[in-house]
Amino acid sequence: MRSALSILRTVERSALVLIFLTMVALYFVNVVVRASGSPLASSLSWIEEAVRLMNLYLVFLAIGYALEIGRHVAVDTWRARIAAATRLPVQRIIDATGFLFSLYLVWLAWKMTLFVFGSGQKSPTLGLEMGWIYVAPLVGFGLLALRYLLIFLGLIDRVPAREA
């Protein structure tokens, strides 16, 4: 299990870095070509749409990894006070709720993805089926649900942001 999770982390980080660097390179080329007044500028109109699509994947692919390394927004002092005052396992309740909510979002994303793929819509400049936009939240919330489950089961531990 540990090696599978290690492979997942490596794949996620590599994909995130690759997507980000590709976005930067494409946008750099687009700016240089437009600034130079080159006639190529009109043929590179697809870059803006591609970068927007990559940005969606960058955000959604990062949410599970961000949870694992403790980079999600949280109010630690409030959570600690509630847990101390009530003796409730607040963190476990948060993880269970996060897991269930993430699964619900995966289900919604799945339904939306099927609907949009079935509609046959295509993006204007790339000609890509619009359903691919909805695959990003499907995968992202799936990875988030996986992380919440693994944290809940005690198989991985969140690293607080100040220690990562």
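Before we move on, a word about what's on your screen. This is a predicted model, where local features need pLDDT of at least 70, side-chain atom pairs count only at pLDDT 80 or more, and totals for chains, interfaces and linings use all residues. Residues are numbered from 1 along each chain as its sequence is written, and side-chain values use heavy atoms, with hydrogens and water left out.

**Stop 1: around Asp95**

Stay on Asp95, which sits in helix α4. Helices are DSSP runs (H or I, at least four residues), numbered from the N terminus. Now show what Asp95 is in contact with, leaving aside neighbours within four places in sequence: Tyr148, Ile151, Phe152 and Arg158. Contact means heavy atoms within 4.5 Å.

The charged end of Arg92 sits over the ring of Phe152, 4.2 Å from the ring's centre. To count as sitting over a ring, NZ of Lys or CZ of Arg must be within 6 Å of the ring centre and within 35 degrees of the ring normal.

**Stop 2: two rings**

Next, pick Phe117 and Trp132. How are their planes placed? They are at 90 degrees, with the ring centres 5.4 Å apart, so this pair is edge-to-face. The rule takes rings of Phe, Tyr and Trp (its six-membered ring) as a pair if their centres lie within 6.5 Å; planes under 30 degrees apart are stacked, over 60 edge-to-face, and the rest tilted. By that rule, the count is 3 aromatic pairs.

This pair ties together distant parts of the chain: Phe117 is in helix α4 (residues 90-119) and Trp132 in helix α5, 15 residues apart. Phe117 counts as partly exposed because its relative accessibility is 27%. Trp132 is partly exposed too, at 41%.

**Stop 3: α1 against α5**

Colour helix α1 (residues 2-35) and helix α5 (residues 131-152). They pack at an angle of about 145 degrees, with axes 13 Å apart. Axes are lines fitted to C-alpha atoms, for helices over the stretch in contact, and angles run from 0 to 180 degrees between N-to-C directions.

Which residues meet here? Show Leu5, Leu8, Arg9 and Glu12 in α1, and Leu143, Leu146, Arg147 and Leu150 in α5. By class, that contact has 5 nonpolar, no polar and 3 charged residues. Ala, Val, Leu, Ile, Met, Phe, Trp, Tyr, Cys and Pro count as nonpolar, Asp, Glu, Lys and Arg as charged, and the others, Gly among them, as polar.

**Stop 4**

Slide along α1 to Leu18, which is exposed at 56% relative accessible area. Draw a distance from the C-alpha of Leu18 to that of Leu58: 9.6 Å, though they are 40 residues apart along the chain.

Last, hop to Val51 in helix α2 (residues 46-68). Val51 counts as buried at 11% relative accessibility. Not counting residues up to four places away in sequence, Val51 touches Met23, Leu26 and Tyr27. From Val51 to Leu26 is 7.5 Å, C-alpha to C-alpha, with the two 25 residues apart in sequence.

Key:
Helices (H or I, at least four residues) and strands (E, at least two) are DSSP runs, numbered from the N terminus. Buried means under 20% relative accessible area, exposed over 50%, partly exposed in between (1.4 Å probe, protein chains only).
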